[in-house]
Protein chains: 2
Amino acid sequence: MNAPTPISHLAPEIKQRVIAGEFIEALKARFASACSTAMAVREQHGRDESAFVSVPPPSVVVFAQSTKDIADAVKLAAQYSVPVIPFGVGSSLEGHLLAVQGGMSLDVSKMDKILSINAEDLTVTVQPGVTRMQLNQELKSTGLFFPIDPGANASLGGMCATRASGTNAVRYGTMRENVLALEVVSAEGEIIRTGTRAKKSSAGYDLTRLFIGSEGTLGVLSEITLKIYPLPEAISAAICSFPSIEAAVRTTIQIIQMGIPIARVELIDKNSVRMVNAHSKLTLAEQPLLLMEFHGSPDSVKEQATSVQEIATEFGGEEFEWASTPEERTRLWSARHNTYFAALQSRPGCRAISTDTCVPISRLADCLLESVEETEASGLSYFLVGHVGDGNFHFGYLIDPNNEHERSTAEALNHKLVARALSMGGTCSGEHGIGLHKMGFLIDEAGEGAVQMMRTIKKALDPQNIMNPGKIFSV
Amino acid sequence: MNAPTPISHLAPEIKQRVIAGEFIEALKARFASACSTAMAVREQHGRDESAFVSVPPPSVVVFAQSTKDIADAVKLAAQYSVPVIPFGVGSSLEGHLLAVQGGMSLDVSKMDKILSINAEDLTVTVQPGVTRMQLNQELKSTGLFFPIDPGANASLGGMCATRASGTNAVRYGTMRENVLALEVVSAEGEIIRTGTRAKKSSAGYDLTRLFIGSEGTLGVLSEITLKIYPLPEAISAAICSFPSIEAAVRTTIQIIQMGIPIARVELIDKNSVRMVNAHSKLTLAEQPLLLMEFHGSPDSVKEQATSVQEIATEFGGEEFEWASTPEERTRLWSARHNTYFAALQSRPGCRAISTDTCVPISRLADCLLESVEETEASGLSYFLVGHVGDGNFHFGYLIDPNNEHERSTAEALNHKLVARALSMGGTCSGEHGIGLHKMGFLIDEAGEGAVQMMRTIKKALDPQNIMNPGKIFSV
């Protein structure tokens, strides 16, 4: 009998399959039932909320329950040179979770413990699978809250990875401003801490901020320390309807330029109002509206609201309709957060291609109005919502995923919108990340030199290119 | 006649001198009178405000007047493998400017133009040599201001490089939160832009934040886009004297924990009061005091001040003394900013070793009081001031630079203080940077793994190690 062919002599394709098989065996030996190759599990981990054409799912899914689990899984992946795709709740809109180069999905959703609440310091330390709603639920009794709120009930790990924000960013900032410290598993499986619980620091490179927004391409987040805030003494929410999008936007611009410390100011166009009414059983007037919230002392809230009402009236806005109870307020904001899903329901079987441009506030009206005109002219179904206080807004183009014409029309609209935003000093992505879809836009925005610098950092920290490869940029 | 020995055959030392000579010749050919080897100029660029024992000055100083100047100087340095030390106004407290491995000081102080003020977007773009006071002077007529204010009238480039903050950080954040975009010259002399003028972005790695706090070790900042703020409608400043440091600190902790949006809250101990009285011709009571400022609408300022006075009274604080005019307010804050220089004058010929720890607010009293006791027991002259709203404070140990005992006593106190702050979840540096002095502390704080990750980034972006080598960490 001949000895078996040594692995180094095998043809590359076969060699890869042997290695993949050995890798999965090694994972199973280490993780037992927390490692799955069941097709249903793999498929669930091979997609996200985006409209991307699907690729084959990851070969294997590992459910981590501890930092050590993450480290061990990454070490095995490094040993076998297999891609690692960190997975939270799967709410990405940019294809971050797709296994475009195969590999292992590393699901951290079972790491959902709140490790410590330091109410006196206004900080909280959580595992990466904790979702934003879970965190606020657990903070409720402390009189504190965490303000960052993307539409989905995302995991905090995912929110770090995409540098997420949401409706409160106009006052409280984004994940960039609200993460104090991280524990990170490097591409070699080493456990590293970045930052401290001190409010500020100038101790060395800002590794925390480097990982915030790195989309899983530099390592896996295993622990997160966040800023939290005292619930404001008074909160008031109001809706103001406007005769046009322009009137609503010009009102917003003036609010921001006057430095009024509004907590939230969201634009909802008449399409979105119609979808939201149907989905959340509301009866809002089908006109462009601003949904606003004011935080502060009772006097300060009153003062802010009076100033904003004056500005709105100048631009033809109607009388504020106030949310009279906390429940009514929650209902309005839930409706706002569900716009994306309301829109998907409005056209059964459709998928949404969501834009994410953000421009300096002085250019917001120009950018928005030109883009609305262009989108209307295209004949596509769409909705428009915006964190307009930050200059960030989302068109959702509702396409039939099997209709190539609709898809290419939507892509062309997005392309024009991004070019317009960049020419106005803006960004192609305010809060969703680059993922698969915006790699070309990133080069347009940052320039080849800056993207090359990102690649250099990536290659240095992940020389095997195993951390979520094929996202943000091609290496 | 023999041909001259080829340079590659020369002894290493001689080879280095030949290269240095050729490098300086090349600089002179390119920069003419903007390149100086005069000893007085070199010595002025070979030191900073710290108490570090001096090292030989840089071999040459180049005065850049444009981004192209910076790029050309760095390209020549890269060609000859010569260190580049960016220089603003020389106000570092951590030895950042010392030519510990020789090389070229690249002075950007003549790049002092404000390139654009976008009042509508609350942004400004400046060259790196613009100082914080110059910027606010030029913003005066617009009703806008830039809040970050380290003690010295630092350059904005230097403030970016050290991730500086100051007295307003408690409300407005630090340089980390207030820089939107940068133009950077890489270690290869390539010009790169990071960030845009949009308020938020999730487009790729946060190169902006990577350069903020990189202390000149990754590249040279050539242009900076900052956030600016509307001058508050109302500003009130008050002094409140306390029976003890503890009473002042406990008052501060409660202000912060209650979420009162105070703009500035500075602790000044009785030693500092005495020094400041002498230097700035004031007559403040020689007791620990808080110097505070409230920003907002007239009503909100009144409301904040009332709440704070109530808290202070509870802890034995006296009636607020209000700065009744803007001039009086400016006089108080100038006195605060000059504490460091007032302290140096209090003991002719002395140098100050300044500590810079920052801890979570709940640990501030413990950290401060233990350290005060320890410092009192040492018998060293000292002063204590603090951005206590952020948990950040500075002891200044006033030593005779020629007295080895005093120096070692101060070093030992600093060491104990840092260990204490780290054990409390704090940082060794709130705002001055690591520079030369705190490399060991950085490893204690961040761990060898995180520092190794910083080194990996450094090596990838500056493979020749020419950008301010020997700072932050040894490579």
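On the H16(A) side the contact is formed by Leu442(A), Ile443(A) and Ala446(A), and on the H17(A) side by Glu448(A), Ala450(A) and Val451(A). Five of the residues in this contact are nonpolar, one is charged and none is polar.

Confidence in the prediction is given by several scores. Chain A has a mean pLDDT of 94, with 98% of its residues at 70 or more. Both ipTM and pTM are 0.95 for the model.

Chain A contains an open sheet of four strands, in the order E1-E2-E4-E3 and with mixed pairing. The edges are taken by strand E1(A), residues 35-36, and strand E3(A), residues 84-87; each has a single partner strand, so one side of each is left without a neighbour in the sheet. Strand E2(A), residues 60-63, runs parallel to strand E4(A), residues 104-107, and four bridges join the two. Within this pairing, Val60(A) has Met104(A) of E4(A) as its bridge partner. Two helices are placed against these strands. Helix H3(A), residues 67-80, packs on the sheet and touches E2(A), E3(A) and E4(A), its direction making about 170 degrees with that of E4(A). Helix H1(A), residues 12-31, lies across E1(A) and E2(A) and runs at about 20 degrees to E2(A).

In chain B, an open sheet of four strands likewise has the order E1-E2-E4-E3, with mixed pairing. Strands E1(B), residues 35-36, and E3(B), residues 84-87, stand at its edges with a single partner strand each, so that one side of each lacks a neighbour in the sheet. E3(B) is joined by four bridges to strand E4(B), residues 104-107, and these strands run parallel. Ile85(B) is paired with Ser105(B) in E4(B) as its bridge partner. Helix H3(B), residues 67-80, packs on the sheet through contacts with E2(B), E3(B) and E4(B), and its direction is at about 170 degrees to that of E4(B). Helix H1(B), residues 12-31, lies across E1(B) and strand E2(B), residues 60-63, at about 25 degrees to E2(B).

The two chains meet through 73 residues of chain A and 74 residues of chain B. On the side of chain A that touches chain B, at least two residues each come from helix H7 (175-178), strand E9 (191-194), helix H8 (207-211), strand E11 (229-230), helix H11 (298-314), H16 and H17 of chain A. H17(A) gives the most to this side, with nine residues. By class, the side of chain A that touches chain B comprises 30 polar, 25 nonpolar and 18 charged residues.

Chain A is superposed on chain B by a rotation of 180 degrees with 0.0 Å of shift along its axis, at an RMSD of 0.0 Å. The two copies are therefore related as by a two-fold rotation axis. The same surface serves both copies, as 100% of the contact residues of chain A recur in chain B.

Terms used. Residues numbered from 1 in each chain as written. Chains lettered and ligands numbered in written order. Predicted model: local features only at pLDDT ≥ 70, side-chain atom pairs only at ≥ 80, totals over all residues. Pairing = 2+ DSSP bridges. Contact = placed C-beta atoms within 7 Å. Axes fitted to C-alpha atoms, helices over the stretch in contact; angles between N-to-C directions. pLDDT = per-residue confidence, 0-100. Nonpolar A, V, L, I, M, F, W, Y, C, P; charged D, E, K, R; others polar. Least-squares fit on C-alpha atoms with pLDDT ≥ 70 in both.
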